[in-house]
Number of protein chains: 2
Amino acid sequence: MDIDLRQLRYFLAVAEELSFTRAAARLHMSQPPLSQAIAQLEAGLKTRLFTRTSRRVELTAAGQEMEAQARALIAQAERAQQQVMSVGAGRSGKIEIGATGTILRGGLAGWLADYRRHAPEVRTVIYEQAPALQVKDVLEHRTDISFNRTDLSFDRSVARHPELGCTLAWRESVSVILPRGHRLAAQDVVALADLAADEHVMLHPESSEFARYLQKSCVEAGFLPQVSQQVVDSQSIPSLIAAGFGVALVPASTARFTSNDVAFRMVAQPLVADVYMIFRQHEQSPAVHEFLRWRAECARIRPAQETPITSK
Amino acid sequence: MDIDLRQLRYFLAVAEELSFTRAAARLHMSQPPLSQAIAQLEAGLKTRLFTRTSRRVELTAAGQEMEAQARALIAQAERAQQQVMSVGAGRSGKIEIGATGTILRGGLAGWLADYRRHAPEVRTVIYEQAPALQVKDVLEHRTDISFNRTDLSFDRSVARHPELGCTLAWRESVSVILPRGHRLAAQDVVALADLAADEHVMLHPESSEFARYLQKSCVEAGFLPQVSQQVVDSQSIPSLIAAGFGVALVPASTARFTSNDVAFRMVAQPLVADVYMIFRQHEQSPAVHEFLRWRAECARIRPAQETPITSK
DNA sequence: GTTCAATCATATATTGGACATATCCATATC
DNA sequence: GATATGGATATGTCCAATATATGATTGAAC
């Protein structure tokens, strides 16, 4: 009673050849089972599909309808198979990405563009996330990959979860934001120690591993930064600097979207603003798996990772 | 390698139950062959569709895609089957109808409306045909049914073809078109014999059996009509009458679309303008077959067929 | 920690159905 | 009317889908 794609393939062969014998030859089978299969299909539909005049085979009206329907069905089955295999191989699908505001506006989309060229069928959906929620969101499948500036291998603030993996995504340099007319604005590159006397605007160290890293780096450079203001959202930093609250150390890419009320200057190495990807080690969809595999391969070929988009 | 709707039905059962055991019960089969069938499907796609954790079954990303695709495919297969069966039963399909101008404009569409209500999926396509080509067009499958005023049972002008059938479609009365101020315009009903002295406009008797029928009727009424003008297209008759070329006998429904430069009066019975359907006895599509069957049944229930639309 | 129950995978036997070979029947062609 | 062509029918064979039995894993109960 239920039709079956095999029957439809047989039907189409007969409909195209208008001959059971020729169709059977094309299907690499003998003629009787083909006749039987068609008869069975007709019985299931309670409808004749061919008129057999012992010398000529013709399609009935229902047969013509069936030809159109069968073609559409088989084509759709083909597409369905391709689509499923494509998802299975990670060539299509969806990757849910979480990122902090600075990373999202700091060139993440541009950095992803490479992969979009490599796997155009994979949709990437980017959510802006509070850093504190990123690990939780990944663990609970709300996102597949989180981009942030925390290297879980060294992070002690979140419980080191065995299910989570962490990889360096890209490496950018650190800039310092100076107010107009600051004494260091004349230099192209600023050494970290030169900022010892300035007041600093920085992110809350509790919620930002990057802030803790900067603090630690300052201490290693020989001074404990004077904090004039702590902020939650890095977007508000440039306006605070413009208002005279001091200086701020930020990832170089922050310069892309800010006015020229303030000056951006490179900070000398070895200060870096690394961006990491956090992801589940298992239970990752093929698209995510393939994405991470591709990234790992790229990193193997060209390990020196630079700022995704120059902050010029 | 080629997927098969049976596998998809199995897959959907498992995807819905998220359990091989329950799905097998729902499918009235045991669990091992179901597991095998799914494994086979996965092998064909080279893609895992479920993650089995020996306690819980879950869909992979590819499995979710497959669920959507499978639903769409099975629904389409269902629709295809319905559609083919519908065509096979004559509930849907197409009927190509040929008709002469007078019949086409004389209420054919209205007469067909009944059937369109009965079988709304059947499309009826109406072509205007020269009467001389109607039989040929039916025999050569250009049309399925011809409407005209020729009863093939008595027609001797065309070779009586054994493949052709002929049935009365409807019966209308005959009207006479009189010029303004004609002496008979005062009467509601005109007897045929009263028109003996008038000049007549009529269709070519060679191409119109109706014209021959009218001629014969006049002779039986005791006069040979004086023909002032012979026309091919009955549409031109009213204007010729208005121009004073005499009178004309026409089917009553002709009055529907003409101005009041002329007067229409009923002609006394037994003069009738019957409309017949001509069709192939065999090689008719289910839609045509079902249409004719339905008509025959209606005629059996209510044999008195009237003018399809009153010529008021 | 141990046992039990639940659940899917694997092994093996069985059966139904798809297929092939052989043949029959109808008809178009000569 | 003989022949050839092409589909239907009959019958045997073989594979594949299924059932039964069993194993393996694991979550839950105590």
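Is A:Arg142 buried, exposed or partly exposed, and at what relative accessibility? I looked it up: A:Arg142 counts as partly exposed, at 42% relative accessibility. My cut-offs are under 20% relative accessible area for buried, over 50% for exposed, and partly exposed in between (1.4 Å probe, protein chains only).

Notes on the source. This is a predicted model, where local features need pLDDT of at least 70 and side-chain atom pairs count only at pLDDT 80 or more, while totals for chains, interfaces and linings use all residues. Residues are numbered from 1 along each chain as its sequence is written, and side-chain values use heavy atoms, with hydrogens and water left out.

Next, I checked the partners of A:Arg142. I count a salt bridge when a side-chain nitrogen of Lys or Arg lies within 4 Å of a carboxyl oxygen of Asp or Glu. A:Arg142 pairs with A:Asp137 at 2.7 Å, N to O. A:Asp137 is buried, at 12% relative accessibility. A:Arg142 also bridges to A:Glu140, with the closest N and O atoms 2.6 Å apart.

Then I followed A:Glu140. A:Glu140 forms a salt bridge with A:Lys136 as well, at 3.6 Å, N to O. A:Glu140 is partly exposed at 41%, and A:Lys136 is partly exposed at 43%.

Last, I looked wider. I found 40 salt bridges over all chains. I also noted a salt-bridge network that links A:Glu16, A:Glu17, A:Arg22, A:Arg26, A:Glu67 and A:Arg71.

How values were computed
Chains lettered and ligands numbered in written order.
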